[in-house]
Amino acid sequence: MTTQEKKNTWTVVQMYCPNCGTLNVGYKDQEGRNHFQCKKCTVVMVRSYKNRRHDIIELTVPQGMDRVRQR
Ligand SMILES: [Zn+2]
């Protein structure tokens, strides 16, 4: 593997799905955002790092799917 290829390799990260609680494997892109797609409920998650105490998680629920309510 060349140095150039190493730079472009995404880091694998893990996160529990905020919708259904399944542990998923995603990847970290070059801007530091973590991308996931839940293997169970197929929700797409993008987690952006703001600072030490603040992350933003964007959830996209596929069409025709309802969110699992966790209240
Ligand atoms: Zn899920």
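Which residues of strand 3 sit on the covered face, and which on the uncovered one? I looked it up: N34 and F36 are on the covered face, while H35 and Q37 are on the uncovered one.

Ground rules before I go on. This is a predicted model, where local features need pLDDT of at least 70, side-chain atom pairs count only at pLDDT 80 or more, and totals for chains, interfaces and linings use all residues. Residues are numbered from 1 along each chain as its sequence is written.

Entry: overall layout. Reading from the N terminus, the order is α-β-β-β-β-β.

Entry: The five strands make an open antiparallel sheet in the order 1-2-3-4-5; I call two strands paired if DSSP finds at least two bridges between them. Strand 1 (11-16) and strand 5 (54-60) each have a single partner strand, so one side of each is left without a neighbour in the sheet. The twist from one strand to the next averages 30°, with axes as lines fitted to C-alpha atoms and angles from 0 to 180 degrees between N-to-C directions.

Entry: both neighbours of strand 3. Strand 2 (residues 23-28) pairs with strand 3 over two bridges, antiparallel, and K28 has N34 as its bridge partner. Five residues lie between these strands in their hairpin, where G32 takes a positive phi near 85°.

Entry: Of the 71 residues, 11% are buried (20 or more other C-beta atoms within 10 Å of the residue's own, C-beta atoms placed from the backbone). For contacts (C-beta atoms, placed from the backbone, within 7 Å), 18% of those between residues at least 6 apart in sequence join residues at least 24 apart.

Note on methods:
Helices (H or I, at least four residues) and strands (E, at least two) are DSSP runs, numbered from the N terminus. A residue is buried if 20 or more other C-beta atoms lie within 10 Å of its own, exposed if 12 or fewer, and partly exposed in between; C-beta atoms are placed from the backbone. Two residues are in contact if their C-beta atoms, placed from the backbone, lie within 7 Å.
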